Each structure stands twice: as structure tokens, then as C-alpha cells.
Amino acid sequence: MREIWIKDAERLGDGSIGGAMDTPTAPGRVVWHTTESGTGNASFTAVGKYLSTISAEPHFLYDPTTDRLGQYGPINQSARALKNDGLTRTNRTGSTCIQIEVLGKAAAPFTKTWKPGPNFRALMRAIRSWDVPDTWPGGALADSYGDSDVSRSRSVWATKGGHYGHSQVPGNDHWDPGAIDKNAIFKAAPAESTPTPPTPSKPVPTKKTVDLSNVIAAAKVDPDLKQGGTTHPGDVKVVEAALKAEGLLTSSLASDGSFGYSTIAAYKAWQKRCGYTGSAADGIPGKTSMEKLGAKHGFKVTA
């Protein structure tokens, strides 16, 4: 969500500094200035009032030595800290054009002595909420007044989002913020990455358990019960399902829970598959044959 007011910033002025942006579909950008003043609370108060008096309010006033932050107006409207470039109102370029006046002087780059803290991180968080990239598309910053190596490209300014120095804005002749360390701006407030949600773990299926003694008892009792009679249907149904999967028991008989004559015949066929013959393949489950069936069809056998 785009931040319009930083909740931790002090409110400066009356909250009304500009108006709607002229090119709201263009990328957002930030412009860094220096106030060419001292630092500290006394300077913060004096400069804060002065900028309002001359109607040159930025969005933010920042003291790099104390981490004090003030906000004059909403980020979704323009500020007043830039000169126009002919008919182009530079303050109103982009979806946002966030102006930051930093207490200090261009001749003494503030990144050499600053002490950025939580307010600076809040400032950068708000900037990034407008999708302003951590880049400096304008190239080198000025290191002296009238630096001829500085580009004030109109096409770059109109089309490239990112961070600019006042010295890089077309139509302006100031050289602030000086030769600050551009990368230090981002290092002092690393972008927060969105954590990757953990991959849901697949539920581990509970392995079914068959009590061999119950199945043997059912195999000896169920055939003589009334049709469909059961003694241990829970255990028998697991065995029936395995015999069905082996193709030895029809679907109609594979879920009644009765170890009747059809199930005995199916289990006898299973015993023969396991290599048993004669009386060893009588359809009454034994431990070894049952464990083989369980290993193949996902159930554990208990005595």
C-alpha cells in the first residue's frame, strides 16, 4: 500500500504544499537536496519555518545527524522545491516526485558523517511503497558548483524512475546534495523482502494396523455366521481391500468386513502366490503371508 503520510514524521506547515501531478502515469522519483545550513534541532526549526516562508517546501525535511524527520505535505501531491524547466513543471513529474531537503551542505556530503536511524528507514519505506526503484538514473552527482560532468537530461528525467540529486534535474542550476555516496542511501535502509511462505507439508498418512489374531478369529468364525455376519470387521476390511487390489476378491465382497468363504478362497489364492501349498494354503492367514500383504498394501501387522 502506498504511504501518503509517514506516521512517525513531525508535521510541518499546514499540510498543503502543491497539487496533482502532471504526468501521473510516469515512473515515480525522489529528489535529494541539501539546505546549505547547519544541522541539529535549532537548524531544523529555523530551516523548517524558512522553507514555508518562501513557499519552497519539500515533502520532507531530514536531519542526518539526529535522524529527525518532518513532513510538509502528502506524497501523492507535488512539492515546491524545484524550478520549472520552461513549461515543464518539474515538481509535478511522475506518479510522485518526492522532495527531500537534508540539513547540511553540498560541499560536505552528509553520507560521510550521518547517523541514519528508524526515521530514515521509515522514509525509505514510504519511498519504496511508490515503487521508486533503488537506482540513480541520472548518472554522476555534482561535486562542485557548475560541474560540467553532470547530466540534466530531459528524456531521462521524463521517463526514468529512481533517485536524483537536485543537480540532475533539468531547468535547475543547484549542485546539491553534493557528491554523496549514492549506495549508502540504500545500504542504510535495506529493502524488505517479502518472505516466501513455507510450503505446506503433505500430511503423512497414518499407516493402518491389522491385528492378526482378530483376522484369524474372524476367518474361523465368520463363515458359519449368518450371511454378512462379522466378528472383527475393522481388521477384516483392511485385508479385503488388499485382496481386492490383488484382483483376488470382487468389489461386492471387498467391504463387508466378513471373513466368509469368498474371503477365505481369496486369501488361499494369496498364500499360493506367496509359494505356499497344501495345508499351508488353507485360507487362514498366517503371520508371514499377512506381513507380505501388508508390506505391499500399506498396513502393519500386529500379533
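Is the crossing of α6 and α7 left-handed or right-handed?

1. The α6/α7 crossing is left-handed. Please keep in mind throughout that this is a predicted model.

2. On the geometry of that pair: α6 covers residues 233–245 and α7 covers residues 261–273, and their axes lie 10 Å apart at an angle of about 60°. Angles from 65 to 115 degrees would count as roughly perpendicular and those under 35 as roughly parallel, so α6 and α7 are oblique to each other.

3. The contact itself is worth a look in your viewer. From α6 come V239, E240 and L243, which meet T263, A266, Y267 and W270 of α7. By type, the residues of this contact are five nonpolar, one polar and one charged.

4. Now to the sheet. It is open and built from six strands with mixed pairing, ordered β1-β4-β3-β5-β2-β6. The edges are taken by β1 (10–11) and β6 (162–165); each has a single partner strand, so one side of each has no neighbour in the sheet.

5. Helix α2 (residues 118–129) packs on it, touching β2, β3, β4, β5 and β6, and its direction makes about 145° with that of β2. Helix α1 (residues 41–53) lies across β1, β3 (60–63), β4 (68–71) and β5 (97–102), and runs at about 160° to β3.

Key
Residues numbered from 1 in each chain as written. Predicted model: local features only at pLDDT ≥ 70, side-chain atom pairs only at ≥ 80, totals over all residues. Heavy atoms only, no water. Axes fitted to C-alpha atoms, helices over the stretch in contact; angles between N-to-C directions. Helix = DSSP H or I, 4+ residues; strand = E, 2+ residues; numbered from the N terminus. Parallel < 35°, antiparallel > 145°, perpendicular 65-115°, else oblique. Left-handed = near helix turned anticlockwise from the far one by under 90°. Contact = heavy atoms within 4.5 Å. Nonpolar A, V, L, I, M, F, W, Y, C, P; charged D, E, K, R; others polar. Pairing = 2+ DSSP bridges.
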